[in-house]
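Colleague: I am new to this one. Could you take me through it step by step?

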Amino acid sequence: MCLAIPVEVREVLPDDMARVTLDGVSKIISTALINDVRPGDYVILHVGYALTKINPEEAERTLALIQEAAMGNAT
Amino acid sequence: MKYIDEYRNGRLARDIARQIALTADPARSYHFMEFCGGHTHVISRYGLEDLLPDNVRMVHGPGCPVCVLPIGRIGAAIALAMRPEITLCTYGDLMRVRDKNGWSLLKAKAAGADIRMVYSTLDALKIAEAEPQREVVFFAIGFETTTPPTALVLKTAIAKGLGNFSIFCNHVLTPAAIHSILESPDVSKPGTIKIDGFIGPAHVSAVIGTKPYEFFAEKFRKPVVVAGFEPLDVIQAVLMLVRQINDGRHVVENQYIRAVTRLGNVKAQAEVANFFELRESFEWRGLGELPLSGLRLRPRYAAYDAENRFSMVTVTAEDNPACECGSILRGVQKPADCKLFGRVCTPDTPMGSCMVSSEGACAAHWTYGRFRTKARQPDAGRAVA
Ligand code: SF4
Ligand code: SF4
């Protein structure tokens with residue numbers, strides 16, 4: 001029920017809406033719950049609404065931490 | 001796909017699992033409850049339990065709103081939908097949950113009720129606009145992730161002056177459920193079920209932040225790691241929990257930093273606060289009446305509140321006595337412990353709610369886990385004191 005997915009914003013539309021793509025499929029969603037949406041942003045989409053933006057630096061950092069954890073370094 | 005595939009690397013998952021085995025103290029056992037149905041689903045789907053050492057076990061929690069909705073509320077929704085003037089809109093997950101008479105929204109629809117499945121609250125609004133002669137009711141359920149979309153649709157309906165739109169509100173709060181589990185006699189009495197820490201909700205936390213869990217970590221001395229919904233997220237969270245236990249720490253850690261902050265989505269929280277207030281108490285399937293655990297519309301929006309507008313009554317209804325959903329939701333039993341599992345109860349013929357939603361523990365186990373059960377000891381979540 002709360003499963004939500006990362007999608008890429010392609011176009012910012014009037015009235016807090018945006019066009020996003022997910023695996024090549026285009027969809028119109030509401031961005032009324034978040035601020036400063038730009039094309040190229042990734043957002044978490046849930047029941048037609050963007051819940052939050054994905055922070056690209058933190059995503060990189062998570063992958064680095066996972067690599068380290070796999071090698072046995074304390075995270 | 002970006003932000004998905006890189007968190008599904010099987011080799012890395014196995015490497016982390018090996019680190020968990022090296023880190024976990026062989027002299028003790030570790031039992032972690034994943035609160036969220038989304039995590040239950042990932043754990044079953046990717047067989048993560050099989051990667052973990054035998055002394056590190058997962059306990060399924062109550063984290064799916066479909067699973068915890070009491071059947072009395074389903075009954076009330078069906079009764080409402082049977083009224084000729086009403087169009088009931090709802091998320092698809094709810095359609096197959098049975099009420100005490102074995103009825104579901106699907107069955108009611110087949111019997112002629114005007115029930116429409118929607119993907120988004122905005123679809124329900126469109127129906128209300130297009131069919132002004134109908135009374136359109138949105139059957140709202142969900143944790144903190146689906147509440148902001150309900151708040152926003154209400155805001156839009158009011159702005160548009162739509163007089164034929166209302167909400168049957170069943171939104172519930174995750175911290176209240178965790179609190180109840182930690183205080184339940186099953187957990188608090190030593191020698192019964194053991195929970196050493198929690199994997200906290202991903203997208204719920206994107207909205208409410210990690211802060212609401214700090215209180216539990218402190219008060220109940222249980223570590224909480226908020227984790228994303230991909231397999232590497234979950235397995236990394238398990239390692240983080242094992243480390244906290246080994247170090248004797250019990251704090252809230254955030255594995256899902258790419259989407260979750262300590263304070264969460266403040267804008268969404270403000271929208272919710274505008275339209276909703278706490279109910280003194282709300283019934284949860286399997287957990288019973290929990291104080292301050294559910295939301296209702298504020299009195300100033302009474303005209304948009306289906307419970308008020310249509311004088312709805314919900315009666316408390318007993319579950320099928322053979323269904324073990326209640327104890328599964330509290331982590332006391334596992335799906336395979338239920339006598340109905342896989343016999344009369346399957347995803348095509350769900351007897352209880354845990355079999356309805358794909359994030360329910362029984363459905364996840366049916367789809368991905370049942371062939372493995374025999375191979376391992378069914379000990380997780382059981383007495384280990
Ligand atoms: S995020 Fe919410 S709805 Fe989704 S599985 Fe978790 S608790 Fe359930
Ligand atoms: S198998 Fe079916 S009846 Fe048994 S606990 Fe699960 S949902 Fe309930």
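Modeller: What follows covers the surroundings of a ligand and then some helix pairs. Please keep in mind that this is a predicted model.

Colleague: Let us begin with ligand 2. Which residues come nearest to ligand 2?

Modeller: There are 13 residues around ligand 2, and the nearest are B:Cys323, B:Cys325, B:Cys338, B:Cys345 and B:Cys362.

Colleague: And how does the shell around ligand 2 divide into nonpolar, polar and charged residues?

Modeller: Eleven residues of that shell are nonpolar, one is polar and one is charged.

Colleague: Now the helices. At what angle do helix 2 and helix 17 of chain B cross?

Modeller: Helix 2 of chain B, residues 37-45, and helix 17 of chain B, residues 361-369, cross at roughly 15°, and their axes come within 9 Å. Angles under 35 degrees count as roughly parallel, so helix 2 of chain B is roughly parallel to helix 17 of chain B. Their crossing is right-handed.

Colleague: Next, how far apart are the axes of helix 1 and helix 13 of chain B?

Modeller: The axes are 10 Å apart, and the angle between helix 1 (residues 10-23) and helix 13 (residues 231-247) of chain B is about 15°. Helix 1 of chain B is therefore roughly parallel to helix 13 of chain B.

Colleague: Is the crossing of helix 1 and helix 13 of chain B left-handed or right-handed?

Modeller: The crossing of these two helices of chain B is left-handed.

Colleague: One last pair: how do helix 7 and helix 8 of chain B pack?

Modeller: Helix 7 (residues 121-130) and helix 8 (residues 147-159) of chain B pack at an angle of about 25°, and their axes are 9 Å apart. That angle makes helix 7 of chain B roughly parallel to helix 8 of chain B. The crossing of helix 7 and helix 8 of chain B is right-handed.

Definitions and conventions: Residues numbered from 1 in each chain as written. Chains lettered and ligands numbered in written order. Predicted model: local features only at pLDDT ≥ 70, side-chain atom pairs only at ≥ 80, totals over all residues. Heavy atoms only, no water. Near = heavy atom within 4 Å. Nonpolar A, V, L, I, M, F, W, Y, C, P; charged D, E, K, R; others polar. Axes fitted to C-alpha atoms, helices over the stretch in contact; angles between N-to-C directions. Helix = DSSP H or I, 4+ residues; strand = E, 2+ residues; numbered from the N terminus. Parallel < 35°, antiparallel > 145°, perpendicular 65-115°, else oblique. Left-handed = near helix turned anticlockwise from the far one by under 90°.
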